[in-house]
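Student: Please take a close look at how one chain of this model is put together, and then follow its packing into the rest of the assembly. Give the cut-offs as you go.

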Amino acid sequence: MFTLTAENLGKRFGERKVFADISFELSTGDSLAITGPNGSGKSTLLMLLLGYHHATRGEVHFREEDLPMSESRIRACASLVSPYLNLYDHLTGEENLTFFATVAGGHVAGKRIDELLRMVGLEGRGVDMVGAYSSGMKQRLKYAAALLNDPAFLFLDEPTSNLDDRGKDIVASIVEEYRRKAIVIVATNEEGEVSFARQHCRLGQ
Amino acid sequence: MPANTAGLVSKAFAVFAKDIRLELRTKYAFNTIVMFGVTTLAIVSFSLGQSGLPTKLLAALFWIIMFFSATAALAQVFIREEEAGTALALKLTADPNAVYLGKLFFNLTLLSLLTAIITPLFFILTDAPTGSLGLFILMLLLGVVGLCGATTLVAAIISKAAVKGTLFAVLSFPILILPLTMLVTATDKALSGEPIGAIAAPVQGLIAYAVVMITASLLLFRFVWRE
């Protein structure tokens, strides 16, 4: 059982307050949609939860079986799909997945990579350079990379951006699977994506 | 080898192998560093003539060329991660120590290749005396490790700045004055054919410098990388 707790989180950039007093507690099987107008801090909150922005106020706690998780354990258990996260254009899809699996400490077999590429609808395209992919194909590959370690925490920022209808269906099925066995947090402005999560946090109110 | 260390080594090697593969496909940093080094060496040698230059001047010119070649290309290893937007994916998945070591080994490889190209050209174009060749090669090894050990962390610091190239040279300069001075002194003596006893002090200083810089960089890198 994993838990993610946010306590009175606040963020300022200089004099500008982005958000304040954000609190929630999520356990495995919970899902949260973060919504709000442009500039309300949705992506900032995701990065803050992942530890890549410092909170001006408040604290974030990752726990596994009620014990605090180390930085390396959080890295091994958390995945992010975001428009700000790019994979390597000069590597093939398969080389990208193999690289990220290796640096994450896992030993992912070629069979698992084939399975992930098939899951995101990129079967047969794993040998192509990512630079030659369309924006939608790149988004699909990000999902394959995010699922390499079967994450216990799945963070999705604008989860269906650049995707066609089939891609959106694939994301919906991934979220459906992971919101049962992981903690899923979605930052979005799309009405259809809010329904990915059972709980709702609105910023900018 | 303990499991943690073995894991760190394999992750660092994965970062190194990925950067080598990207470099082989783009040749961006290699072309930059070789073009800069060869062009500078050619200009210097044609301007000063071929014979009769004091070894002190030759040693200084050699390491000035190495320093500016290093500042032209060694920062690319982090700058291209930031500019391509891949740094976030790397931060989310990789151990910072593995990233630092992988990038350090990549820079060591790049600067070693430059040294292998520049050194024979240096002797041909300047007619420098070979003196104690073994000691000269030792100076090259210590110089490459020292330059890379100090500049890899600086490269990570400046990768998000707006004026990357200038800032890299400005920040690298003060921390490289000391090893460059020792390298010039010891290289002068190596070219003059003096025995190893004459350069024992700078050799010890350069080894200590490399160990301190790499150890400090390993301790500090995670704070620079996460910001």
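Tutor: In chain B, 86% of the contacts with a separation of 6 or more are between residues 24 or more positions apart; two residues are in contact if their C-beta atoms, placed from the backbone, lie within 7 Å. This is a predicted model, in which local features need pLDDT of at least 70 and side-chain atom pairs count only at pLDDT 80 or more, while totals for chains, interfaces and linings use all residues. Residues are numbered from 1 along each chain as its sequence is written, and chains are lettered from A and ligands numbered from 1 in the order in which they are written.

Chain B has nine helices and zero strands, where helices (H or I, at least four residues) and strands (E, at least two) are DSSP runs numbered from the N terminus. The radius of gyration of chain B, taken over C-alpha atoms, is 18 Å, close to the 17 Å of the globule rule for 227 residues, so chain B is as compact as a globular protein of that length. That rule is 2.2 Å times the number of residues to the power 0.38. The C-alpha trace of chain B spans about 55 × 35 × 30 Å along its principal axes.

Of the 227 residues of chain B, 48% count as buried, a class that requires 20 or more other C-beta atoms within 10 Å of the residue's own; 12 or fewer make it exposed, and values in between partly exposed. Lys27(B) counts as exposed, with 11 C-beta neighbours inside 10 Å. Lys27(B) sits in the loop between helix H1 (3–26) and helix H2 (28–48) of chain B, and its phi is near 55°, a positive value in a residue other than glycine.

The largest nonpolar core has 135 residues; such a core is a set of buried Ala, Val, Leu, Ile, Met, Phe, Trp, Tyr and Cys residues joined through C-beta atoms within 7 Å. Helix H7 (residues 133–158) of chain B gives the most to this core, 15 residues. The members that touch the most other members are Ala144(A) and Val184(A). Leaving aside residues up to four places away in sequence, Ala144(A) touches Leu97(A), Leu116(A), Leu117(A), Val120(A) and Leu122(A).

Between the chains, 22 residues of chain B are in contact with 18 residues of chain A. On the chain A side, H3(A) gives the largest share, four residues. By class, that side has 11 nonpolar, five polar and two charged residues, with Ala, Val, Leu, Ile, Met, Phe, Trp, Tyr, Cys and Pro taken as nonpolar, Asp, Glu, Lys and Arg as charged, and the others, Gly among them, as polar.

Chain A also holds an open sheet of five strands in the order S6-S7-S8-S3-S9, with parallel pairing; two strands pair if DSSP finds at least two bridges between them. Strand S6 (78–81) and strand S9 (199–202) of chain A stand at the edges with a single partner strand each, so one side of each has no neighbour in the sheet. Within the sheet, five bridges join strand S7 (residues 153–157) of chain A to strand S8 (residues 183–187) of chain A, and Phe153(A) stands opposite Ile183(A).
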